[in-house]
Amino acid sequence: NHVSGDTYKTCVYGRINLTIIQQKRGVEMFDFFKKKEKGIEIGSPVKGKTVAMVCSGDAGVYGMASLLYEMSEAHPGCELEVIPGITAANSGAAALGAPLNHDYCVISLSDLMTPWELIEKRLAAAAMGDFCMAIYNPSSHHRADYLKKTCDILQKNGVEPERACGYVENIGRENTACEVCTLAELRERQVNMFTTVFIGNSRTKIIGGKLVTPRGYVLPDPAV
């Protein structure tokens, strides 16, 4: 019956009968949910109604699903259901080609919830493990150099400057933009919070302008 969210309302408003009960963005949303320790009441504005917390991508991937489950511990009568979505790692990969077709990990560069020192360790471990990577939240006004730092960390841990990479901006929107590049080129690029960055593994290559990570299948020799 009701939907709580920010600009996501524009995706559903007018399509079905919804009432917007809460609109918050950025730091406002973060501060709002920090109050959960102070006994915030889930669903109190619309008690007895069906309420949707709308997240971009998948609510269970850097979304609000886990927070709502944590908050529900204080409200045993509150029923929750997570509806799966398509996270940027998957939708962005499809736009670029097939960069995540082998083992991969997803890492956020936002240090709002995770200390940068821990993010550095995860980046180093992913590089040493030769994982493909999908990088979320690569930059912001307060973290303008984090992508450059990330590229430096990866190179220090064995990723060569020529490694095939790519990035997608505004995934799923009308002005979606994709680009493939090397790690050295990526280091100098300016991206924003609406960009998802992809780092290939040691076998990733660019085929016809697309970023492709081989699965390992043995292909027939075309000369035979």
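Mentor: Let us start with a term: a residue is buried if its relative accessible area is under 20%, exposed if over 50%, and partly exposed in between, using a 1.4 Å probe and protein chains only. The model here is a predicted one, where local features need pLDDT of at least 70 and side-chain atom pairs count only at pLDDT 80 or more, while totals for chains, interfaces and linings use all residues. Residues are numbered from 1 along each chain as its sequence is written, and side-chain values use heavy atoms, leaving out hydrogens and water.

Trainee: Which residues of α3 are buried?
Mentor: In α3, these are Ala65, Leu67, Leu68, Met71 and Ser72. They cover an arc of only 165° around the axis, and that puts them on the same side of α3. The arc is taken from the directions that lead from the helix axis to the C-beta atoms.

Trainee: What makes the buried residues of α4 line one face of the helix?
Mentor: Helix α4, residues 88-96, has Ala88, Ala89, Gly92, Ala93 and Leu96 as its buried residues. Down the axis of α4 they fall within an arc of 125°, so they line one face. As a general point, an α-helix has 3.6 residues a turn, so residues three or four places apart point the same way.

Trainee: How do you know what counts as a helix or a strand?
Mentor: Both are DSSP runs numbered from the N terminus: helices are H or I over at least four residues, and strands are E over at least two. The protein comes to seven helices and 11 strands.

Trainee: Why are β5 and β6 said to pair?
Mentor: Two strands pair if DSSP finds at least two bridges between them. Strand β5 (residues 104-108) and strand β6 (residues 132-136) are joined by five bridges, so they meet that rule, and they run parallel. For example, Tyr104 has Cys132 in β6 as its bridge partner.

Trainee: What makes the unit of β5, α5 and β6 right-handed?
Mentor: Point the strands away from you: a crossover is right-handed if the path from the first strand over the helix to the second runs clockwise. β5, helix α5 (residues 116-128) and β6 make a right-handed β-α-β unit.

Trainee: How many aromatic pairs does the structure hold?
Mentor: It holds two. Rings of Phe, Tyr and Trp (its six-membered ring) pair if their centres lie within 6.5 Å; planes under 30 degrees apart are stacked, over 60 edge-to-face, and the rest tilted.

Trainee: Why is the pair of Tyr62 and Tyr136 called tilted?
Mentor: The ring centres are 5.0 Å apart and the planes stand at 55°, so the pair is tilted. Tyr62 lies in the loop between β3 (51-53) and α3 (65-72), and Tyr136 in strand β6, so the pair ties together parts 74 residues apart in sequence.

Trainee: Are these two tyrosines buried or partly exposed?
Mentor: Tyr62 has 49% relative accessibility, so it counts as partly exposed. Tyr136 has 9%, so it counts as buried.

Trainee: What about the pair of Trp116 and Tyr146?
Mentor: This pair is tilted too, with 4.5 Å from centre to centre and 45° between the planes. Trp116 is in helix α5 and Tyr146 in helix α6 (residues 146-156), 30 residues apart. Trp116 is buried, at a relative accessible area of 10%, and Tyr146 is buried at 10% as well.

Trainee: Why is Ser139 called buried, and what does it touch?
Mentor: Ser139 has 6% relative accessibility, so it counts as buried. It sits in the loop between β6 and α6. Contact means heavy atoms within 4.5 Å. Leaving aside residues up to four places away in sequence, Ser139 touches Ala144, Val191, Asn192 and Met193.
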